[in-house]
Amino acid sequence: MKYSYDNINNELNIDLCEELDVDSCKVLRNIVDGYILKFCPNNCNIDMSKVSFMDSSGLGFITGRYNLTNMLGCNLVIKNPNENIKRLISMSDVSKYVKVV
């Protein structure tokens, strides 16, 4: 899984690329959690504009990051998901507590 990040003005921006499936989520969980714990940002934005596919593991990934950011008093925002990913998020309970723009 390819990704990039920056932390500007206490806002953590993580750009994900490729697919968000069971294999990539295993790796990304530790990486993203590490950045969240390291920077303790006010806002954590996960840009999914370059993610071509997401399965239920991706929903679990988002839920886990929400739980961590919520515990730290941070806002989690999912940005630019494609229509299929947006539909998957809206069909699940994830859309009730994570902002999607």
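Predicted model: local features only at pLDDT ≥ 70, side-chain atom pairs only at ≥ 80, totals over all residues.
Residues are numbered from 1 along each chain as its sequence is written, and side-chain values use heavy atoms, with hydrogens and water left out.

So what about F39? F39 is partly exposed, with a relative accessible area of 23%. Y35 and F39 sit four residues apart in helix α1, so about one helical turn separates them. Helices here are DSSP runs of H or I with at least four residues, strands are E runs of at least two, and both are numbered from the N terminus.

Now, the rings. There are five aromatic pairs in the structure. In one of them, the ring centres of Y35 and F39 are 6.4 Å apart and the planes are at 20 degrees, so that pair is stacked. Rings of Phe, Tyr and Trp (its six-membered ring) pair if their centres lie within 6.5 Å; planes under 30 degrees apart are stacked, over 60 edge-to-face, and the rest tilted. Ring pairs also bring in Y3 and Y5, giving a cluster of Y3, Y5, Y35 and F39.

On to the strands. β1 (residues 3–8) and β2 (residues 11–20) run antiparallel, joined by six bridges; strands pair if DSSP finds at least two bridges between them. D6 has N13 in β2 as its bridge partner. In the hairpin, two residues lie between the strands, and N9 takes a positive phi near 55 degrees.

Which way do β2 and β3 run? They run parallel, with nine bridges between β2 and β3 (residues 43–54), and E11 stands opposite N43 in β3.

Last stop, helix α2 (residues 56–71). Its 16 residues reach 23 Å from first C-alpha to last, close to the 22 Å expected at 1.5 Å a residue; that expected span is 1.5 Å times one less than the number of residues. Among the buried residues of α2 are L59, F61, I62 and L68. What do the buried residues of α2 pack against? The list is β2, α1, β3, β4 (75–79), α3 (83–91) and α4 (94–97), with contact meaning heavy atoms within 4.5 Å. And just after α2, G73 takes a positive phi of about 75 degrees.

Methods: Buried < 20%, exposed > 50% of the residue type's maximum accessible area, 1.4 Å probe, protein only.
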